[in-house]
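This briefing is for a reader meeting the structure for the first time. Please look through the sequence and the model below before reading the notes.

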Amino acid sequence: MVDVLPDIPRILTAIAEWSACVVYLSLYARTVKLWRLLTSVFGGLALLTAVQIIAGMLPVSLWIPGMISAVAAIALTLWVGTGCSPTQVAHLMLRAFILAEFIASLAWQLVVYFFYSPIPNDPGNPESLLRPVPFTMQLVIYAIILVIVRQLETRNFSGDTPFVLELRDLWTPFFITIITFTFSNLSFLTTATPFSGRLGPEIFYIRTLVDLVGFAALYAHHERVSQIRTALELRSIQSSLNAQHSQYLQSKADIEEISRAHHDLKHQIAVIRAELDPDSLASHFEQLEASINDIGQHYHSGNAVLDVILTAKGRTCTARGINFTVVADGALLTGMSSMDIATLFGNALDNAIEASAFVTDPAQRMIQVLLRRQGEMVLIRVANNFSGEISRNEDGSLATRKADRVHHGFGVKSIRYTARKYDGEVTTRFDGNRFILTVLLPGTQLSA
Amino acid sequence: MVRIAIVEDDAVSRKLLLDYIARYQREHDVEFDVTVFEDGVQIVRGYKPRFDIILLDIQMEHLDGMSAAQRIRRVDDQVVLLFITSSPQYAIKGYEVDASSYLLKPLPWFAFQEELTRCLTLVERNRGSSLLLQSGTEVIRLNIADIVYIESIKHRLTFHTLSGTYSIVGTLKDMDAQLEGHDFFRSNSCYLVNFAHVRGVRDQACVMTGNVELRISRPRKKQFMTALTEYFGAVS
């Protein structure tokens with residue numbers, strides 16, 4: 001044993017833990033009620049300090065329980081301040097904990113290097129490092145690193161975007177944290193392992209390095225999971241786009257077929273009528289003609305693709321007794337690809353038709369479509385009646401009643417994905433017993 | 001009191017509409033002042049903006065509903081139009097006269113009720129409320145619907161309205177609170193924009209009535225778009 005170096009005072013550990021929590025709290029600040037935020041920020045400081053000070057007074061044998069209470073205090077602070085689910089809080093907790101370990105270790109290592117002159121075989125006087133200059137320097141180091149980390153974490157955590165990590169993703173971070181924590185602190189517990197540092201300053205370095213690697217591993221794990229999720233989602237959206245488009249092509253072929261039949265039949269009727277005595281058969285023919293007119297009914301909105309979709313979905317509505325009304329200026333969609341039109345309207349109408357199936361009283365089945373100019377923008381609104389309870393997913397998006405939960409959610413997701421291509425926005429809202437989907441496109445990309 | 005006009009040439013349909021309106025008054029405890037016209041020609045002759053809602057049949061003998069609506073719109077951009085038709089392809093062009101939906105014959109009570117309720121909320125929104133401003137010793141009354149946006153410069157607020165600009169001492173924060181429920185949005189630290197006057201969005205700016213471009217602060221852009229979408233979805 002050469003030098004015995006002082007370890008980090010408890011108060012600094014508490015500040016490190018608290019400031020790491022604040023970084024993650026700040027990422028959720030916009031979506032959380034003010035009282036939650038304030039309670040967690042101030043309450044968290046008091047709680048974490050208290051836990052560290054009490055743990056500091058405990059004998060070494062109770063070191064592990066002390067650490068566990070500190071981690072629990074971090075979790076509690078994050079839970080109050082973010083209002084997230086237990087799984088999300090657990091992820092945030094592991095992240096904040098390792099981050100706190102890292103900044104505390106790094107700052108301490110630097111302060112010891114610059115300000116501490118060791119006396120051989122003396123445990124030293126750690127209080128000397130709590131004097132204003134070294135103390136401030138540590139806080140500055142915390143601040144610098146935390147600002148960087150906050151920038152890096154904005155893309156992974158924020159109140160707006162749904163949390164990608166799930167319960168089953170918790171195992172890897174959990175083990176990374178345990179291993180990081182064990183190896184970084186091994187040298188402090190005993191020098192009698194092959195992994196313990198023996199030279200004074202080196203054990204600080206080992207700790208900093210292991211914590212850094214641990215944090216990097218947690219971050220990389222999150223990135224990886226996000227990437228996989230995004231790729232999967234994109235693939236599903238793509239397949240849903242393709243499905244709508246091929247459905248559109250099919251309907252188009254069907255409708256052309258029917259139009260041809262309609263035309264032929266009309267022609268035949270005219271011929272027969274000319275040949276036979278009109279009196280006896282006139283009423284019969286009129287009936288026949290009326291029924292054929294129904295088949296031939298088309299929507300003429302000014303956009304051929306939209307007309308096909310409206311006609312096809314309109315038929316489904318007629319068959320299911322849904323009161324279907326359309327006010328649409330199809331000319332507004334000139335600059336939009338047929339695939340995008342099919343996606344927007346196909347998905348919106350499919351969802352509306354499906355929801356109508358749950359309305360028990362046929363008189364209450366209504367779907368209204370509106371497509372109009374709004375200034376220089378384009379407004380699309382699809383409203384339908386629904387009945388019963390609508391459940392929402394954890395992140396506030398709509399949950400479906402369909403067995404195929406994941407796929408159905410992509411209906412609205414595909415609409416949003418398509419709208420975003422045109423810088424547009426999509427909202428869904430419940431108004432009494434009406435469900436309203438609104439799409440607003442700025443229109444700058446549509447005026448072809 | 002809500003003033004409703006019915007324009008319908010078929011006596012049976014007219015009777016049904018009157019019955020439905022009577023039933024609506026009973027069930028929803030509201031009072032309507034109903035005027036009946038038997039053809040489009042009748043309502044457009046000497047038309048003055050005095051109705052809140054017009055129920056218009058599309059297929060009529062002398063002047064069809066769509067043409068009547070076009071003539072009405074020339075002098076009245078406030079009235080809520082609700083078409084009634086037996087064939088949907090005639091009503092699909094309702095957007096031309098600012099009608100966002102229609103009723104299909106045979107007219108079911110439920111659909112009628114839903115649509116009339118929707119029209120009534122639009123009427124409610126259209127009814128102009130006003131804002132009183134203290135400017136020095138003078139009190140200015142502004143029609144809220146006429147305010148395009150409010151700009152904050154130093155400690156003063158400038159109201160850009162359709163009829164001119166007015167300036168008073170005050171903060172946007174207080175004004176935002178005072179205009180709560182009137183669909184105004186803080187697009188950045190110095191503008192409070194009236195959604196009703198947003199005509200477009202280009203990159204980082206919104207285009208207002210009168211072609212003024214106002215910057216939307218980057219962190220508020222997404223929220224701005226969502227709120228704007230919600231707003232237009234609700235008022236159409």
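This is a predicted model: local features need pLDDT of at least 70, side-chain atom pairs count only at pLDDT 80 or more; totals for chains, interfaces and linings use all residues.

A:Glu376 touches residues of both chains: leaving out residues up to four places away in sequence, its partners are A:Pro442, A:Gly443, B:Arg199, B:Gly200, B:Val201, B:Arg202 and B:Val207.

**A:Glu376**

- A:Glu376 sits in the loop that joins strand 2 (366–374) to strand 3 (377–385) of chain A.
- Its relative accessibility is 24%, so A:Glu376 counts as partly exposed.
- The C-alpha atoms of A:Glu376 and A:Thr444 are 7.9 Å apart, although 68 residues separate the two in sequence.

**Two strand residues of chain A**

- A:Thr325 belongs to strand 1 (residues 323–328) of chain A.
- A:Thr325 counts as buried because its relative accessibility is 2%, and a residue is called buried under 20%.
- With neighbours within four places in sequence set aside, A:Thr325 is in contact with A:Ile367, A:Gln368 and A:Val369 in chain A, and with B:Ser101, B:Tyr102 and B:Leu104 in chain B.
- A:Leu441 is part of strand 5 (residues 434–441) of chain A, and at 0% relative accessibility it counts as buried.
- Beyond neighbours within four places in sequence, A:Leu441 is in contact with A:Met336, A:Met377, A:Val378, A:Ile380, A:Ala419, A:Tyr422, A:Gly424 and A:Leu446.

**Helix 1 against helix 3 in chain A**

- Two packed helices are described by the angle between their axes and by the distance between those axes.
- For helix 1 (residues 10–28) and helix 3 (residues 63–82) of chain A, the axes come within 9 Å and the crossing angle is roughly 30 degrees.
- Helix 1 of chain A is therefore roughly parallel to helix 3 of chain A, since angles under 35 degrees are classed in that way.
- The crossing of helix 1 of chain A past helix 3 of chain A is right-handed.
- On the side of helix 1 of chain A, the contact is made by A:Arg10, A:Glu17, A:Cys21, A:Tyr24, A:Leu25 and A:Tyr28. Helix 3 of chain A contributes A:Trp63, A:Ala70, A:Ile74, A:Thr77, A:Leu78, A:Gly81 and A:Thr82.
- In this contact between helix 1 and helix 3 of chain A, eight residues are nonpolar, three are polar and two are charged.

**Helix 2 against helix 3 in chain A**

- The axes of helix 2 (residues 34–57) and helix 3 of chain A come within 8 Å, and they cross at roughly 175 degrees.
- Helix 2 of chain A is therefore roughly antiparallel to helix 3 of chain A, the class for angles over 145 degrees.
- Helix 2 of chain A brings A:Arg36, A:Leu37, A:Thr39, A:Ser40, A:Gly44, A:Leu47, A:Leu48, A:Val51, A:Gln52 and A:Ala55 to the contact. Among the residues on the side of helix 3 of chain A are A:Gly66, A:Ser69, A:Ala73, A:Leu76, A:Trp79 and A:Val80.
- The residues of the contact between helix 2 and helix 3 of chain A divide into 11 nonpolar, eight polar and one charged.

**Chain B as a whole**

- Chain B contains seven helices and 15 strands.
- Chain B has 236 residues, of which 51% count as buried.
- Of the contacts in chain B between residues at least 6 apart in sequence, 53% join residues at least 24 apart.

**Backbone features in loops of chain B**

- The peptide bond from B:Lys105 to B:Pro106 is cis, and its omega is near -5 degrees.
- B:Pro106 lies in the loop between strand 5 (102–104) and helix 5 (109–126) of chain B.
- B:Lys154 is not a glycine, yet its phi is positive at about 50 degrees.
- The loop between strand 8 (147–153) and strand 9 (156–161) of chain B holds B:Lys154, which counts as exposed at 79% relative accessibility.
- B:Asp203 also has a positive phi, near 45 degrees, without being a glycine.
- B:Asp203 is placed in the loop between strand 13 (198–202) and strand 14 (205–208) of chain B, and it counts as exposed at 67% relative accessibility.

**Cysteines**

- Zero disulfides are found over all chains of the structure.
- B:Cys119 counts as buried at 0% relative accessibility.
- B:Cys206 is buried, and its relative accessible area is 0%.

Terms used:
Residues are numbered from 1 along each chain as its sequence is written. Chains are lettered from A and ligands numbered from 1 in the order in which they are written. Side-chain values use heavy atoms; hydrogens and water are left out. Axes are lines fitted to C-alpha atoms, for helices over the stretch in contact, and angles run from 0 to 180 degrees between N-to-C directions. Helices (H or I, at least four residues) and strands (E, at least two) are DSSP runs, numbered from the N terminus. Angles under 35 degrees count as roughly parallel, over 145 as roughly antiparallel, 65 to 115 as roughly perpendicular and the rest as oblique. A crossing is left-handed if the near helix is turned anticlockwise from the far one by less than a right angle, and right-handed if clockwise. Contact means heavy atoms within 4.5 Å. Ala, Val, Leu, Ile, Met, Phe, Trp, Tyr, Cys and Pro count as nonpolar, Asp, Glu, Lys and Arg as charged, and the others, Gly among them, as polar. A disulfide is a pair of cysteine sulfur atoms within 2.5 Å. Buried means under 20% relative accessible area, exposed over 50%, partly exposed in between (1.4 Å probe, protein chains only).
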